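Please have the sequence and the 3D view at hand while reading.

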Amino acid sequence: MPLRLITAGESHGPGLTCIVEGVPAGLELHQEQIDRDLARRQLGHGRGGRMKIETDKADVTAGVRHGYTLGGPICLDVVNADFKNWFDRMNPWPVEAEIDEVHLPRPGHADLPGAWKYDFTDVRNVLERASARETAARVAGGAVAKALLAAVGVEVRSHVIQIGSVVSPDTGDLTISDFDGVDESPVRCLSADSSAAMVQEINVLRKRNESIGGTFEVRAFGLVPGLGTHVSWEGRLDGQLAQAVMSIQAIKGVGIGNGFDLAGVPGSEAHDEIFHTAERGWYRDTNRAGGVEGGMSNGESLVVRAAMKPLPTLTKPLRSVDISTLEPAEALRERTDSCTVPAAGVVAEAMVAFVLANSYIEKFGGDSIGDMRAAVEAYSERIGWKLDR
Ligand code: EPS
């Protein structure tokens, strides 16, 4: 059975739910692993007032017993503390109070196409689900995927490369320990100098009522080769990763390895030559492909980069049209964040972990974690792959 991750919930409704189906039985889970990622998602310079209201935690209500998965769907609930302030406006049931409709779609948000598509006169019926608040549920489910990956020796990390006009210096090859202090940076950037400049950039632009985008990178360490496939377009690992990361709110570009930069270099500088020694086994000296060749993992670290646009809710709104009067108007003004690139990196870790965990289940079977581990070991032995690289 493939791994499935379903989220439900509105930004200011009672709460968010994530159901993860297809997780093997016998996987050890810890509440702290899940809550740590939820807390990491709330951080980052540029966050707005909502993060002062919420302290996200996941209540596991199904699929886990005494710290081990049972093989059935796992249900994770995250309460919206803010719901009490929206009790009438977001109540699942009819209320006595008169609730004003929202008629001012924000350029760049789901508001206008969503209202057309779903036949709503109230834009709130669209924006509540489109909000990136939904990513809290993805992160809760992603923590389960990360636990599965850790059980087969895989770790997923992320860091911010760019915020607005500030780009951190090229880090080149990174090892897992390079990420040890990344969450200490207020923008989750590996360079202390760039972190300071990024904070400054956010402060300056926020004062101008601007929102700010940027780029980040997710890396996965310890993958076996052969996840994904070259034989079908849907099975290609890079295609699945691109879809999963692009699905995160406000992401407008995804690249694997050197991605778009590969278009401008000659072939002799675009690929990763193949080596083998008795001591090291198979290896490459470069990783321009970002760990994927022919739609399959090649055993090098996975490198996924993504570009996030500036958030479309602006404190100085753009021009729009009132959907009830069709008159020109300013777009909806709502409380918002000025920059969520650091948080988006944490969300992308969850999405990448989900795709990779699914690839392991597909390739190695997913009834029990012990059977999966044994299958990974047998396969690694057949291809002469050292698992403890
Ligand atoms: C978010 C919660 C939201 C926003 C943000 C992400 O809270 P509120 O709308 O109550 O301020 O901070 O949502 C958006 C960026 C968006 O475009 O909707 C969160 O939990 O991440």
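**Ligand site**

The model is predicted. In it, the ligand sits in the second largest pocket. The residues that surround the ligand are His12, Arg41, Arg47, Arg50, Met51, His109, Ser131, Ala132, Arg133, Leu311, Arg335 and Asp337. By class, this shell holds six charged, three polar and three nonpolar residues.

Polar side-chain atoms of His12, His109 and Ser131 lie at the following distances from an oxygen atom of the ligand.

| Residue | Distance from polar side-chain atom to a ligand oxygen atom |
|---|---|
| His12 | 2.6 Å |
| His109 | 3.0 Å |
| Ser131 | 3.2 Å |

How much of the ligand's exposed area does the protein bury? Taken alone, the ligand exposes 470 Å², and 93% of that is buried by the protein.

**Sheet**

Five strands form an open sheet with antiparallel pairing, in the order β8-β7-β9-β15-β10. At its edges are β8, residues 166-167, and β10, residues 251-256, each of which pairs on one side only.

Within this order, β7 is listed between β8 and β9. Strand β7 spans residues 155-163 and strand β9 spans residues 214-221; the two run antiparallel and are joined by eight bridges. Which residue of β9 is the bridge partner of Ile163? The partner is Gly214.

Technical notes
Residues are numbered from 1 along each chain as its sequence is written. This is a predicted model: local features need pLDDT of at least 70, side-chain atom pairs count only at pLDDT 80 or more; totals for chains, interfaces and linings use all residues. Side-chain values use heavy atoms; hydrogens and water are left out. A residue is near a molecule or strand if one of its heavy atoms lies within 4 Å of it. A polar contact is a pair of N or O atoms within 3.5 Å; within protein, one must be able to donate a hydrogen and the other to accept it, and residues adjacent in sequence count only if both atoms are side-chain atoms. Accessible areas come from the Shrake-Rupley method with a 1.4 Å probe; for residues, only the protein chains shown count as cover. On a 1 Å grid over the protein atoms alone, a cavity is a set of points where a 1.4 Å probe fits but cannot get out, and a pocket is an open set with protein on both sides within 12 Å along at least five of seven lines; lining residues have an atom within 4 Å of a point. A molecule sits in a cavity or pocket if more than half of its atoms lie within 2 Å of its grid points. Ala, Val, Leu, Ile, Met, Phe, Trp, Tyr, Cys and Pro count as nonpolar, Asp, Glu, Lys and Arg as charged, and the others, Gly among them, as polar. Two strands pair if DSSP finds at least two bridges between them. Helices (H or I, at least four residues) and strands (E, at least two) are DSSP runs, numbered from the N terminus.
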